[in-house]
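This briefing covers strand order, helix packing and nonpolar cores. The sequence and structure come next.

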Amino acid sequence: MRCCKHKRMMIKIALNLIVLKVADIEVSVRFYEALGMTFKREQHGEGPVHFSGSAGSVLLELYPSKGETVAGTTRIGFSVFSLAEVVEALLKVGASLASPPRCGPWGERAVAVDPDGHRVELVQV
């Protein structure tokens with residue numbers, strides 16, 4: 001006997017982004033470079049200067065914390081095959097959206113909020 005009457009949806013996802021806020025960006029860049037990563041300096045519009053590098057297919061971005069507490073400031077991102085399906089599934093379980101689906105420079109994208117308040121970026125592949 002099945003305990004759930006609804007059909008489970010199988011959604012394939014892949015991690016594609018990690019954003020870390022760090023207390024000392026130069027020290028953090030050196031640490032990750034010691035692991036074999038290469039970073040480039042970036043700034044989007046009037047946003048903060050930060051550093052971006054790849055770990056396989058995952059983009060790691062290091063941002064200055066600017067005095068903020070760095071605990072709990074991690075943002076993760078996932079590539080998904082159907083943004084509409086994923087957003088619908090999240091809304092069904094009571095999740096909220098910080099940014100609804102829309103087209104942007106990185107494709108169709110939405111930002112959800114997890115139960116602990118962490119932002120989860122979703123980009124359709």
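The points below describe the sheet, the helix across it and the cores.

The model is predicted: local features need pLDDT of at least 70, side-chain atom pairs count only at pLDDT 80 or more, and totals for chains, interfaces and linings use all residues. Residues are numbered from 1 along each chain as its sequence is written, and side-chain values use heavy atoms, without hydrogens and water.

**Sheet**
- Eight strands form an open sheet with mixed pairing, in the order β2-β3-β4-β1-β5-β8-β7-β6; strands are DSSP runs of E, at least two residues, and helices runs of H or I, at least four, numbered from the N terminus.
- Two strands pair if DSSP finds at least two bridges between them.
- β2 (39-42) and β6 (96-104) are the edge strands, each with a single partner, so one side of each has no neighbour in the sheet.
- Strands β7 (residues 107-113) and β8 (residues 119-124) run antiparallel and are joined by five bridges.
- Ala112 has Val120 in β8 as its bridge partner.

**Helix**
- α1 lies across β1, β2, β3 (50-55) and β4, at about 155° to β4; axes are lines fitted to C-alpha atoms, for helices over the stretch in contact (heavy atoms within 4.5 Å), and angles run from 0 to 180 degrees between N-to-C directions.

**Cores**
- The largest nonpolar core has 10 residues, including Leu20, Ile25, Phe39 and Leu62; such a core is a set of buried Ala, Val, Leu, Ile, Met, Phe, Trp, Tyr and Cys residues joined through side-chain atoms within 4.5 Å.
- Buried means under 20% relative accessible area (1.4 Å probe, protein chains only).
- β1 (13-22), α1 (25-34) and β4 (58-64) each give this core two or more residues, and α1 gives the largest share, three.

Definitions and conventions
Buried means under 20% relative accessible area, exposed over 50%, partly exposed in between (1.4 Å probe, protein chains only).
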